[in-house]
Structure formats: structure tokens, C-alpha cells
Amino acid sequence: MENFGRTCKEVALAALFCTLFYLVAAALAAVFVRAYAPADGAVLAVNWVIKCVGAFLFPLLFVHSGRAVFKGITAGILATLLSMLLFAAIGGGFRLNALFLVELLVCGALGGFGALVGVRLRKE
């Protein structure tokens, strides 16, 4: 049971910090992107880049050995869901589109890859 608690802690920390990073970075980026490129496609592209960087980076930092890939996948998917829920709460409603499933898959894969890279870097 101790191992389960440690696993939950690693996944929760990675997902929470990733979500916080995404919220802050997306808010800052929205200000600059709206000022220089008013197209909605630019905002969407910047948000995807920020979300992908966070999904890779925070499992790399917080997930340790022992099924790291699965922990990273879980953290990436959880962070994506949390950020969607928080933006829905802030924006006043859910806006699910066809790209959301792709976003879940990409962030999950990047989370797993980031956790794997983090574990490999710690061993050397």
C-alpha cells in the first residue's frame, strides 16, 4: 500500500504542476498572441505547444522508477482533463471538439515518454 501511495503522489504532483504551468503559460501567451496575431489558429497552436511541453516536462521531473511509463501516461491524461475542467469553469462551459481525444492521446504519450526519459536520466 505504501507503493500505491507513492505512485499516487508522483502522478498527482506531475499532473497538478503541469496543469498550473499550462494555466499560467496559456494566460500569458494569450495576451501576447492576441496582441500580435489575432487569428484563432495561432492561439490554438500556442496552446497545443504549451500543453505538450508541460505533458512531457512534469512527468520527467516528478515520476520516478517503477512503471514510470504508465505513471507518465496517467499524469499526462490527468493534466489534460484537469486543465479542460478548469478552463471550462473559468470560461463558463465545456467546449469539447474532435481534437480533444487526439489531445488526450498526445499528452498521454508525451507524459509516458517524459517519465521514461526522466527515469533513464536519473539512473546514469
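Is arginine 67 buried or exposed? Arginine 67 is exposed, since its relative accessible area is 65%; here, buried stands for under 20% relative accessible area, exposed for over 50%, and partly exposed for values in between, with a 1.4 Å probe and protein chains only. The model is a predicted one, in which local features need pLDDT of at least 70 and side-chain atom pairs count only at pLDDT 80 or more, while totals for chains, interfaces and linings use all residues. Residues are numbered from 1 along each chain as its sequence is written, and side-chain values use heavy atoms, with hydrogens and water left out.

Arginine 67 sits in the loop between H2 and helix H3 (68-91). Helices, with at least four residues (H or I), are DSSP runs numbered from the N terminus, as are strands (E, at least two). Although arginine 67 is not a glycine, its phi is positive, at about 55 degrees.

Helix H2 (residues 40-62) also holds glycine 41, which is partly exposed at 49% relative accessibility. From the C-alpha atom of glycine 41 to that of valine 63, 22 residues apart along the chain, the separation is 33 Å.

Another residue of helix H2 is lysine 51, and this one is buried, at 10% relative accessibility. What does the side chain of lysine 51 join in a polar contact of 2.3 Å? The partner is the side chain of glutamate 103. A polar contact is a pair of N or O atoms within 3.5 Å; within protein, one must be able to donate a hydrogen and the other to accept it, and residues adjacent in sequence count only if both atoms are side-chain atoms. A further polar contact, of 3.3 Å, links the side chains of lysine 51 and serine 83. Residues up to four places away in sequence aside, lysine 51 touches Tyr22, Thr80, Ser83, Glu103 and Cys107, where contact means heavy atoms within 4.5 Å.

Glutamate 103 brings helix H4 (residues 99-123) into the picture, as one of its buried residues. Others on that list include Phe100, Leu104, Cys107, Gly111 and Val119.

The side chain of threonine 19 reaches the backbone oxygen of alanine 79 at 3.5 Å. Beyond residues up to four places away in sequence, threonine 19 touches Ala79, Leu82, Ser83 and Leu86.

The largest nonpolar core is made up of five residues, Tyr22, Ala25, Ala26, Ala29 and Ile50. Helix H1 (residues 2-36) gives the most to this core, with four residues. Such a core is a set of buried Ala, Val, Leu, Ile, Met, Phe, Trp, Tyr and Cys residues joined through side-chain atoms within 4.5 Å. Apart from neighbours within four places in sequence, alanine 29 is in contact with Val46 and Ile50.

What of the cysteines? Zero disulfides turn up in a search of the whole structure, a disulfide being a pair of cysteine sulfur atoms within 2.5 Å. Cysteine 107 is buried, at 1% relative accessible area, and its sulfur is too far for a bond because the closest cysteine sulfur, in cysteine 52, is 5.0 Å away. Cysteine 8 is partly exposed, at 36% relative accessibility; the closest cysteine sulfur to its own is in cysteine 18, at 18 Å, again too far for a bond.
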